[in-house]
Amino acid sequence: MIIGLTGTNASGKSSIVSYLASKGFDTFSLSDIIRDELSAQNMPPSREKLILKGNEIRKKFGPSALADRIIKKLNSPDAVIDSIRNPSEVFSLRKLENFFLVAVDALEEIRFERARQRGRIENVGDLQSFVEIENKEKSSNSNHQNITGCMELAEFRIHNNGTLAELQKKVDEILTSLTKRIRLSWDQYFLKMAFLVAERSTCLRHHVGAIIVKDRHVVTTGYNGAARKTNDCLKLGCLRNKLNIPSGERHEICRAIHAEQNAIIQAGVYGVTIDGGTLYCTHSPCIICAKMIVNSGIKKVVTCGDYPDDFNLVVELFYEAGVKLKKISQPSSEIEILL
């Protein structure tokens with residue numbers, strides 16, 4: 001999931017970022033882009049300078065410029081993005097799958113004291129000065145900061161007037177809620193289907209499932225099992241086990257046809273074109289299946305598990321043939337829906 005943070009100054013956003021980082025989230029901040037710009041110009045990263053430079057970048061490159069740049073840096077399914085201060089940044093980030101915005105706020109007196117204790121020079125003053133600077137972040141100009149507008153767009157709101165432990169508890173409650181709202185990516189969606197297909201397997205060693213997809217539609221499926229109208233290993237036992245043959249060796253004496261092969265064969269039987277399609281499989285293909293995949297015209301293979309074969313040979317073959325190979329985390333075996 002991608003969690004965006006917006007909110008008032010010294011409300012606790014940095015503490016949330018640190019807490020999420022401890023849970024494995026990658027961390028990003030739109031302010032870091034502005035700091036880099038100030039550093040390149042040898043300018044101090046004071047709060048007022050950050051506000052002015054951020055507004056300047058938005059005016060020059062568009063109101064969503066900071067978010068657009070951060071999106072290009074994302075490379076993890078779980079990330080937290082801090083310092084969202086313009087509604088256009090929110091709209092840009094909402095193009096990401098599973099993005100959720102959290103607004104953080106606290107009483108002015110509490111935030112002022114936190115800012116003073118942090119020792120930032122622009123905050124060492126009185127409460128009135130603190131509020132005056134903050135009001136500059138509430139502009140109605142589409143290229144300027146508008147924290148109030150961002151907070152109104154948030155799915156969740158945290159009032160952080162208490163302890164750090166209380167703040168972390170509120171974050172945990174949001175994370176629990178979000179796990180029930182996360183949508184699977186297309187790759188996770190189809191790979192999870194492949195695991196269901198694998199439940200039909202008749203192999204006594206590995207249950208493997210494969211599906212072939214075109215234009216986000218499943219066209220064929222296959223699992224590893226004996227040839228049609230022949231006895232399978234559930235009835236006859238595993239000959240390879242009897243002969244103590246390691247996995248990945250002596251394919252010719254195995255009764256089973258591999259899941260990828262069955263999916264490709266089904267396309268031929270029913271006259272379905274799979275050229276240009278994507279194959280999803282619970283295991284990485286063996287070299288024999290890899291050759292069939294190449295010749296069938298499949299352009300992408302997505303998997304999460306390893307098959308006991310020389311995987312480097314498969315990688316080299318796919319690279320030469322122009323077949324993309326993608327490995328992702330194994331999807332949850334649970335059906336997680338709201339009832």
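Predicted model: local features only at pLDDT ≥ 70, side-chain atom pairs only at ≥ 80, totals over all residues.
A word on ground rules. Local features need pLDDT of at least 70, side-chain atom pairs count only at pLDDT 80 or more, and totals for chains, interfaces and linings use all residues. Residues are numbered from 1 along each chain as its sequence is written, and side-chain values use heavy atoms, with hydrogens and water left out.

Let's start inside. The largest nonpolar core has 25 residues. By that I mean buried Ala, Val, Leu, Ile, Met, Phe, Trp, Tyr and Cys residues joined through side-chain atoms within 4.5 Å. Buried is under 20% relative accessible area, exposed is over 50%, and partly exposed is in between, with a 1.4 Å probe and protein chains only. Ile70, Ile81 and Ile84 touch the most other members. Several elements give two or more residues to this core, among them helix H3 (47–61), helix H4 (65–73) and strand S3 (79–82). Helices (H or I, at least four residues) and strands (E, at least two) are DSSP runs, numbered from the N terminus. There is also a second, separate core of 19 residues, including Leu5 and Ile174.

Back to Ile84. Beyond its neighbours within four places in sequence, its contacts (heavy atoms within 4.5 Å) include Leu5, Leu30, Phe99 and Cys150.

Next, Ser201. Where is it? In the loop between helix H10 (186–198) and strand S6 (209–214). Ser201 counts as buried because its relative accessibility is 6%. Its side chain makes a polar contact with the side chain of Asn224, at 2.7 Å. That term means a pair of N or O atoms within 3.5 Å; within protein, one must be able to donate a hydrogen and the other to accept it, and residues adjacent in sequence count only if both atoms are side-chain atoms. The Ser201 side chain also reaches the backbone nitrogen of Cys203 at 3.1 Å.

Now the rings. The whole structure holds four aromatic pairs. Rings of Phe, Tyr and Trp (its six-membered ring) pair if their centres lie within 6.5 Å; planes under 30 degrees apart are stacked, over 60 edge-to-face, the rest tilted. Trp186 and Tyr189 have centres 5.7 Å apart and planes at 80°, so they are edge-to-face. Ring pairs link Trp186, Tyr189, Phe190 and Tyr280 into a cluster.

Last, a charge over a ring. The charged end of Arg69 sits over Phe61, 5.0 Å from the ring centre. The test is NZ of Lys or CZ of Arg within 6 Å of the ring centre and within 35 degrees of the ring normal.
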